[in-house]
Amino acid sequence: MTSLTASLRLLTSTLAMSLATVPAWAQQSAPVPALSLELNGAQPSDKGCRLTFVVNNNLGADLSKAAFEIALFNEAGVVDRLTVLDFKDLPAGKTKVTRFDLAGTDCTKISRVLINSATECAGAGVEPNACMRKLKTDSKTGIAFGV
């Protein structure tokens, strides 16, 4: 009888441990809603500096309009200018590449690009603050990029 009791206890504890890992596994497989902005390039252009962004809308809803006020910092860490970048419409689940020419700006003198605020964040079922609250940033350049 002792052998049977020990086997049942072992089976019960093994089952309990395997069930305890199910919620953690389920959490990992669920994608976290996010709007991802990657500063992908900064090249000189005829007008000044061309910034290239890769945008991925994983908010779960189409954005009919998304625009951000950014601050450009010079090599001394001083804000050089504020400007608004209009990414226009961003369909859900779609990756989009967008370029902006910043007139009179020297790419080599930009040390940091800061997203100051979302001036527009609109779409059916989208909270107005979702573009900032769920924003993820990355940079493939030597320029720091973030919020």
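Buried means under 20% relative accessible area, exposed over 50%, and partly exposed in between (1.4 Å probe, protein chains only). The model is predicted: local features need pLDDT of at least 70, side-chain atom pairs count only at pLDDT 80 or more, and totals for chains, interfaces and linings use all residues. Residues are numbered from 1 along each chain as its sequence is written, and side-chain values use heavy atoms, with hydrogens and water left out.

**View 1. The disulfide of Cys-121 and Cys-131.** Both cysteines of this pair are buried. Their sulfur atoms lie 2.1 Å apart and form a disulfide (a pair of cysteine sulfur atoms within 2.5 Å). Cys-121 belongs to strand β6 and Cys-131 to helix α3, 10 residues apart (helices, H or I, of at least four residues and strands, E, of at least two are DSSP runs, numbered from the N terminus). The torsion about the S-S bond is about 80 degrees, so this disulfide is right-handed.

**View 2. The disulfide of Cys-49 and Cys-107.** Here the sulfur atoms are 1.9 Å apart. Cys-49 sits in strand β2, while Cys-107 is in the loop between β5 and β6, 58 residues apart. Cys-49 has 0% relative accessibility and counts as buried; Cys-107, at 10%, is buried too.

**View 3. The largest nonpolar core.** This core has 30 residues (buried Ala, Val, Leu, Ile, Met, Phe, Trp, Tyr and Cys joined through side-chain atoms within 4.5 Å). Strand β3 gives the most to the core, with five residues.

**View 4. The surroundings of Val-113.** Not counting residues up to four places away in sequence, Val-113 touches residues including Leu-39, Ile-70 and Phe-145 (contact means heavy atoms within 4.5 Å).
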